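User: I'd like a close look at one part of this model, and then how it sits against its partner. Here is what I'm working from.

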Amino acid sequence: MKPEHVFEVDQIVAGYDHKTIIKEVNLVIPNNKISVIIGPNACGKSTLLKTMARLLKPASGEVVLDGKSIEKIPSKKLARTLGLLPQSPIVPEGISVADLVGRGRFPHQSLLSGWSKKDYEAVAEAMDIMNITKLANYHIDELSGGQRQRVWIAMALAQQTDILFLDEPTTFLDITYQVEILDLLTDLNHKYGTTIVMVLHDINLSARYAHNIFAMHSGKLMAEGKPSEVITSTLIKDIFGLNCQVIEDPVSGSPSVVPIGRHHINYS
Amino acid sequence: MRNNSVTYIMEGRQQRRRRWIIVTSILTALACILCLLMLLLGNTIYPIKDVIRTLTGEQIQGVSFAVNVIRLPRMLAGLFAGFAFGIAGTIFQTLFRNPLANPNVLGITSGSSATAVFCIVILQAGNAVISIASLIAGLITVIVIYGLSGIRGFSIGRLILIGIGVQAMFDALISYLMLVSAEQNLPAALRWLNGSLNGSQMHDLPPLIISVFILVPIIILLTKHLSILELGEQSAISLGVNTDITRMMLILSSVIMIALATSTTGPIAFITFLAGPIAKRLVGAGFSTIIPAGLVGANIVLASDLIGQFAFDVRFPVGVITGIIGAPYLIYLLIRMNQRGEL
């Protein structure tokens, strides 16, 4: 099991230029659990994740890991505890899958060393988990969207962090791949106890896979807790402005949102 | 199961590594051969053993002067300038993830040249002042184009377009300075317009050679950082790279090498542009292209100079030959990028 950490967001205000997007958010990330941040477009989910991953400096407030502000932790050291898969990472031209996954080893390597035995093992492990070992010598350009996403996650896994952030890891993927990616992340959480925090668009998949939900609306944290407690028709109305019924997901027993539009309504 | 995966991944990587080693060795061997040819060939072709004897310090009538005073400085200037241009070019292209983003196209070389011409024509300054001024001008040019392209969000396309504009401006300035220049200053100023190894002298070389010996090791130490920067700002920060400092150190090292190489040989057209992509094609991705690009740069300069000297009835400076090779490639690249919608 991965070691315990205390990861806190303390009174964060953050944004771009002079536009404030996150307005005084406080939260504690549950250890060894999967947390999902949900909320409507432009509510600040990605901005919050970026601030937590030190990609964005908060205007005020602090992100604290084990009692220390993350800005004060040396960047390579922090990268051994905390990893992030950005929403749209950039693929270097013509690189092979194994070499790309190996770049996740950067925080563990010294300036000049080649790959150590440990590096090879970490890369192999990450690729085995993501089921892409057979693709090791392919060029990234040759892969499908779903395969690519698994490669990126493998790179983040090779980093061997205790905490992993993912910014919309399933966006643009077919439903089959979405479920596959979320299953793999759940395996990872079960097997190693990796603390996972991700931004997802699909509320029903979020409710199914998350231990904990953070619901946001216009830069503020509106609710947090177990999906069964948080996902209610009132909350969905409040943060998404959508009328809906919340039913029990027949497969997982988690809450499932059934939207109510203006048409196709069977009862009065 | 895990061991099988490790072996499989290791084999693939070792194969790519072997390719890197083979290509780099061949490029090194080729550079050695070209260096040797630079010493052997000239108005008179001397036997190899005479050339070696002169280089080891023996005085041989006729041979010593031609080799030590004319051919050796010419060869060293080509070798080190080509190496420096190649490395600096590939660093820019990798940092900005675009083959067009190289010091030539971005107007950095023109900035250095215009300043040097200004120092020669107007201030009548000495060599040291010219080198330092052109170095500073190169850095200021980088800051200006970087700053201008950062307004309302940084974009590579804007960086390149602004760079092209800045380059045109500097080129116009150079033309103006040439027009008002006193006649006796023209030969020195002309040197800054087109790359040439003609008249390279031993005492001009130390700044370039020393900078290569100091900066290339620093750049090699940053190779891994550069390969992480290639994944984009967000991934790089997440992996623990201090992106601003790394980028600054790499740009600074490149600009110093370019300015010093330019002050030695003039701006040899297209080397910063060609070396990186050729090296990448030869060694494949995944391993660093820094040293291979330097070697490709040196090889192109030396080979082009040999062609310029001996292939035609008239002797052409090296920049003319590299220009003839480079221009079609630039056009090809523009067409391809336009088709892919990258411009």
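Over residues 1–243 of chain A, what percentage is helix and what percentage is strand, and how far apart are the end C-alpha atoms?

Analyst: Some ground rules before the numbers. This is a predicted model, where local features need pLDDT of at least 70, side-chain atom pairs count only at pLDDT 80 or more, and totals for chains, interfaces and linings use all residues. Residues are numbered from 1 along each chain as its sequence is written, chains are lettered from A and ligands numbered from 1 in the order in which they are written, and side-chain values use heavy atoms, with hydrogens and water left out.

Now your stretch: residues 1–243 of chain A are 34% helix and 25% strand, with the end C-alpha atoms 41 Å apart. Helices (H or I, at least four residues) and strands (E, at least two) are DSSP runs, numbered from the N terminus. The UniProt annotation "domain: ABC transporter", from an unreviewed entry, covers these residues, 1–243 of chain A. UniProt positions are given in the numbering used here, feature names are shortened, and annotations may be inferred rather than shown by experiment.

Let's go inside that stretch. Ser35(A) lies in strand S3 (residues 34–38) of chain A. Ser35(A) counts as buried because its relative accessibility is 0%; buried means under 20% relative accessible area, exposed over 50%, and partly exposed in between (1.4 Å probe, protein chains only). Leaving aside neighbours within four places in sequence, Ser35(A) is in contact (heavy atoms within 4.5 Å) with Pro30(A), Ile196(A), Val197(A), Met198(A), Asn212(A) and Phe214(A).

Next, Asp128(A), which is found in helix H4 (residues 117–129) of chain A. At 15% relative accessibility, Asp128(A) also counts as buried. Its side chain makes a polar contact of 2.5 Å with that of Thr133(A), and another, of 2.9 Å, joins the side chains of Asp128(A) and Ser5(B). A polar contact is a pair of N or O atoms within 3.5 Å; within protein, one must be able to donate a hydrogen and the other to accept it, and residues adjacent in sequence count only if both atoms are side-chain atoms.

Arg16(B) and Asp99(A) meet through their side chains in a salt bridge (2.8 Å, N to O). Gly12(B) lies in helix H1 of chain B and is buried, with a relative accessible area of 4%.

Notes: A salt bridge is a side-chain nitrogen of Lys or Arg within 4 Å of a carboxyl oxygen of Asp or Glu.
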